[in-house]
Amino acid sequence: MRTKSIGKKKINIVTLGCSKNVYDSEVLMSQLKANGKEVVHEDKGDIVVINTCGFIDNAKEESINTILEYVEAKNRGEVEKVFVTGCLSERYKPDLIKEIPDVDQYFGTRDLPVLLKHLGADYKHELVGERLTTTPRHYAYLKISEGCDRPCSFCAIPLMRGGHTSTPIEKLVSETQKLAKKGTKELILIAQDLTYYGLDIYKKRALGDLLKELVKVEGVEWIRLHYAFPSGFPEDVLDIIREEPKVCNYIDIPLQHINSDLLKSMKRGTTHEKTDALLAKFREKVPDMAIRTTLIVGYPGETEERFQEMKEWVREQKFDRLGCFTYSHEENTTAYVLEDDIPQEVKEARVEEIMELQSQISWEKNQEKIGKIFKCVFDRKEGNYFIGRTEYDSPDVDNTVLVSADSTYISIGEFAEVKITSAEEFDLYGELV
């Protein structure tokens with residue numbers, strides 16, 4: 001029996017981790033398709049490429065389990081080749097080769113041309129900015145820079161992604177124009193650090209300049225900002241958020257902690273007082289802004305007193321959206337020399353305390369929305385409900401708006417005005433107006 005030629009193999013891309021990995025997988029898929037390859041995302045294929053995450057213990061465990069799962073499938077003859085790329089592979093390649101030798105090849109985060117070569121494809125420079133999007137048609141991620149120059153003691157991202165490199169404004173505008181022609185209406189700006197954008201190529205923080213150009217792209221209705229670092233935040237961006245209807249009144253700014261001593265140990269370049277002043281500036285300049293943040297509990301030296309300081313601060317600040325994670329003791333980070341002195345069960349109990357508090361804050365804020373009308377975009381239909389979001393909510397991580405499908409039809413990807421009729425901790429219920 002004749003086997004299929006290499007050109008006829010179906011290539012399955014499996015994506016783990018954050019939205020930056022989603023973006024990278026989309027670029028890889030676009031390159032493969034342009035080379036005439038049959039490519040699928042998280043489906044069945046003859047060749048599997050696993051785009052891994054190596055950020056914290058849970059992510060590493062998921063990546064390793066996924067690799068092992070596909071290696072076993074290879075050994076059973078269900079797939080022919082398994083390739084591994086992404087952050088875990090960048091960070092632990094020698095260890096992975098030793099521990100899981102049945103993988104055909106490991107690649108780092110910046111090895112796209114080499115990976116393509118192993119897949120029988122050529123890297124096409126003319127395709128820069130082209131992606132085969134895996135998100136719903138109406139929204140897409142736009143990665144505006146790669147890598148990070150921040151010295152945060154707990155973070156391994158610079159080890160996996162390298163130093164900060166901004167993508168020029170004209171390339172990002174061109175990419176956005178291509179996305180808009182394909183039906184993208186919501187653009188989610190991502191990077192390891194949005195606020196550093198432009199320093200390397202324009203010698204100044206240029207996020208505001210980028211936004212001014214992106215809002216000119218016809219078809220894009222919402223632009224959302226994710227992963228803004230608090231230290232050195234460019235305040236002109238706040239004026240643009242307030243004045244430009246296309247830029248959502250929303251910002252994701254990971255603050256990590258509030259105790260000044262821990263912030264110093266974390267090398268965050270800020271203090272409790274400076275953080276409060278920045279948040280006050282946000283609310284002064286954009287009173288209607290939804291602020292999302294993420295916090296770390298259980299960092300070395302987080303006494304009960306320091307934890308209570310953070311808990312009281314969360315109660316005072318009343319963030320619109322908040323995520324909380326346990327500290328992960330990562331080798332080769334500067335915090336690794338510290339004693340990981342908080343037991344795991346204490347870390348997890350502290351996460352529960354913060355999230356229980358945030359649940360109550362979210363419930364109270366959502367009650368205030370009852371009777372009000374919001375512009376919503378609808379992402380999908382589940383059961384008897386169309387599931388949408390306000391401009392204050394990012395996909396997959398924030399609140400949703402549910403509208404009954406019993407007597408209403410809403411096209412997926414379309415915007416609609418919704419009057420909120422009831423609310424829970426993280427869900428709003430409404431009807432079209």
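**Exercise 1.** Is D396 buried or exposed in this predicted model?

*Solution.* Start with the location. D396 sits in the loop between β15 (385-389) and β16 (400-404). Next, take its relative accessible area, which is 70%. Exposed means over 50%. D396 is therefore exposed. Now check the backbone. D396 is not a glycine, yet its phi is positive, about 75 degrees.

**Exercise 2.** Find where Q256 lies, then decide whether Q256 is buried or exposed.

*Solution.* Look in the loop between β11 (247-252) and α10 (260-265); Q256 is there. Its relative accessible area is 11%. Buried means under 20%. So Q256 is buried. Its phi is near 70 degrees, a positive value in a residue other than glycine.

**Exercise 3.** Compare the reach of helix α1 (residues 19-34) with the expected value.

*Solution.* Count the residues: α1 has 16. At 1.5 Å a residue, 22 Å is expected. From first C-alpha to last, α1 reaches 23 Å, close to that value. Then look at cover. Of the 16 residues in α1, 13 are buried, leaving the helix mostly covered. Just after α1 comes G36, with a positive phi of about 80 degrees.

**Exercise 4.** Describe how helix α9 (residues 236-243) packs with helix α11 (residues 272-285).

*Solution.* Begin with the geometry. The angle is about 30 degrees, and the axes are 9 Å apart. Angles under 35 degrees count as roughly parallel. So α9 and α11 are roughly parallel to each other. Their crossing is right-handed. Next, list the contact residues. α9 supplies L238, D239 and R242; α11 supplies K281, F282 and K285. Finally, sort them: 2 are nonpolar, none polar and 4 charged.

Technical notes. Residues numbered from 1 in each chain as written. Predicted model: local features only at pLDDT ≥ 70, side-chain atom pairs only at ≥ 80, totals over all residues. Heavy atoms only, no water. Axes fitted to C-alpha atoms, helices over the stretch in contact; angles between N-to-C directions. Helix = DSSP H or I, 4+ residues; strand = E, 2+ residues; numbered from the N terminus. Parallel < 35°, antiparallel > 145°, perpendicular 65-115°, else oblique. Left-handed = near helix turned anticlockwise from the far one by under 90°. Contact = heavy atoms within 4.5 Å. Nonpolar A, V, L, I, M, F, W, Y, C, P; charged D, E, K, R; others polar. Expected span 1.5 Å × (residues − 1). Buried < 20%, exposed > 50% of the residue type's maximum accessible area, 1.4 Å probe, protein only.
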